[in-house]
Amino acid sequence: MGKKTKAEDMNIRVCGIEPESIVDGPGFRYVLFVQGCSHHCLGCHNPESWAVDAGEEMTVSDIFEEIKSNPNLRGVTFSGGEPFEQVEPLVSLAKLIKDAGLTLMSYSGYTLEELRDRKDSATDELLDMLDMLVDGRYIEAERNLTLVYRGSENQRVIDMKKTREDGKVVLYHSDFDDDVVII
Ligand code: SF4
């Protein structure tokens with residue numbers, strides 16, 4: 001019989017880490033750039049993140065130890081690469097992050113509707129732990145450098161808590177104010 005991997009020993013393939021970012025979501029955030037993305041958007045800012053066999057593997061617990069060691073963090077952002085192509089280990093990491101009282105945000109090239117349409121319990125579990133989701137592929141023709149937290153006009157910054165409460169997609173206002181704690 002095969003030995004079951006404990007949730008915290010699961011591996012995440014990682015492209016890079018930014019331990020204290022102020023541009024990938026509200027406040028000081030630990031940003032985990034996962035490795036692997038099948039979207040291949042024209043004009044992608046991070047094409048080195050596409051290959052699924054590049055980057056390096058880290059365990060959920062190693063990543064969480066790093067997060068926990070920084071008391072200045074308001075939250076964690078999953079970026080990429082495509083976080084929703086490594087859902088199961090990210091669910092394990094997300095549980096630790098939420099239990100520690102940190103906020104959780106993720107980027108995805110998939111839309112929220114595409115992710116819900118998977119009808120996949122792990123995907124739903126991850127979505128249900130998010131405070132903020134920036135969704136949709138990057139579309140070069142809709143690029144806009146003035147947008148906050150997103151690169152192209154089609155992408156949405158979704159308030160996941162209100163979306164779950166209201167049962168329909170609720171967006172954050174585009175004019176984020178630094179003085180307002182959003183998440
Ligand atoms: S979803 Fe993001 S990481 Fe993937 S190709 Fe598009 S812009 Fe690049």
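Buried means under 20% relative accessible area, exposed means over 50%, and partly exposed lies in between, with a 1.4 Å probe and protein chains only. By that rule Asp159 is buried, because its relative accessible area is 8%. This is a predicted model, in which local features need pLDDT of at least 70 and side-chain atom pairs count only at pLDDT 80 or more, while totals for chains, interfaces and linings use all residues. Residues are numbered from 1 along each chain as its sequence is written, and side-chain values use heavy atoms, with hydrogens and water left out.

**Salt bridges**

- The structure holds 11 salt bridges, each defined as a side-chain nitrogen of Lys or Arg within 4 Å of a carboxyl oxygen of Asp or Glu.
- Asp159 is joined in one of these to Lys162, with their closest N and O atoms 3.8 Å apart, and Lys162 counts as partly exposed because its relative accessibility is 43%.
- Arg156 and Glu113 meet through their side chains at 2.7 Å, N to O, a pair that links distant parts of the chain, 43 residues apart.
- Glu113, at 36% relative accessibility, counts as partly exposed, and a network of salt bridges links Glu113, Asp135 and Arg156.
- Glu65 and Lys68 form a further salt bridge at 3.3 Å, N to O, and Glu65 counts as partly exposed at 44% relative accessibility.

**Exposed residue**

- Ile22 counts as exposed because its relative accessibility is 61%.

Terms used
Helix = DSSP H or I, 4+ residues; strand = E, 2+ residues; numbered from the N terminus.
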